[in-house]
Amino acid sequence: MLRQTRLPDESADYLAAREELRLAEIELMRHREEVAARRRALPAGPPVDDYVFLEGPADLDTGDAPVRKTSLSELFTAPDRPLIVYHLMYGKRQTEPCPMCTLWVDGFNGVAHHIARNADFAVAAAAAPATLREHARNRGWSRLRLLSCGDSTFKYDLGSEDKDGEQDSTISVFTRDGDGTVRHRYSAHPRMAEDIEQRGIDLLAPVWHLLDLTPDGRDDWFPRLDY
């Protein structure tokens, strides 16, 4: 047994249950690392179009102009760096920014400078540049690269938008070959199966995992844009 605390008066039943839980958590950790290894071992994915995005100034506080065109290949800042793109549910049929996506991106903004040590990162949405940037300004997303892609098939091709313009949250990873060819490496969505609607990318947000530590767990709590 590996005691996690030095508190007095922990009952034998509690200690036994805690030890059983510790062993289950180790099993979960090892399985999670096995899955991560399988993800890293995926073969090279298909080449993708060099999609074009609309992007405003890097500094949100300087306004929304000028707007320039940025291609997918230009999002790679150096050779041999992967590119991670989060598809924000905002734009077209999604006329209000998704609270769940907003929760995730709030977190990404906080850790973007850490991610940048190993990968390039951007947030893409179907919303117009000024609309997207206004939401970002309200949330304080000062560390993120914000891209508008409502005029391209980027989100549709990657499964984060349907033919009617309904949006979905998605995370995608891309790599770039030595000759400049951009390849899709991996994508994940909240929906994993007919009976799994919203758990597919929970690992991207620590909020759920903190709540899962508590006696009541996450229950049916859902984020909002304001509280």
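Predicted model: local features only at pLDDT ≥ 70, side-chain atom pairs only at ≥ 80, totals over all residues.
**Entry 1: Leu-88 and the cores**

I started with Leu-88, and leaving out residues up to four places away in sequence, it touches Cys-101, Thr-102, Val-123, Ala-124, Ala-125, Leu-132, Trp-141, Lys-155 and Gln-167. Contact here means heavy atoms within 4.5 Å. Residues are numbered from 1 along each chain as its sequence is written, and side-chain values use heavy atoms, with hydrogens and water left out.

Next I looked up the largest nonpolar core, which has 27 residues; Tyr-86, Leu-88, Trp-104, Leu-144 and Leu-146 touch the most other members. A nonpolar core is a set of buried Ala, Val, Leu, Ile, Met, Phe, Trp, Tyr and Cys residues joined through side-chain atoms within 4.5 Å. Buried means under 20% relative accessible area, exposed over 50%, and partly exposed in between, using a 1.4 Å probe and protein chains only. Strand 3 (83–88), helix 2, strand 4 (120–125) and helix 3 (129–139) each give two or more residues to this core. Helices (H or I, at least four residues) and strands (E, at least two) are DSSP runs, numbered from the N terminus. Helix 2 supplies the largest share of the core, seven residues. I also found a second, separate core of 15 residues, with Tyr-51, Phe-53, Leu-72 and Leu-83 among them.

**Entry 2: two loop residues**

Is Ser-160 buried or exposed? It is buried, with a relative accessible area of 0%. I found Ser-160 in the loop between helix 4 (154–157) and strand 6 (170–176). Not counting residues up to four places away in sequence, Ser-160 touches His-87, Lys-155, Glu-166, Gln-167, Asp-168, Thr-170 and His-189.

Then I went to Val-67, in the loop between strand 1 (52–55) and strand 2 (68–71). Val-67 is partly exposed, at 44% relative accessible area. Leaving aside neighbours within four places in sequence, Val-67 is in contact with Leu-54, Glu-55 and Pro-129. I checked the pair Val-67 and Glu-55: they sit 12 residues apart in sequence and 5.5 Å apart in space, C-alpha to C-alpha.
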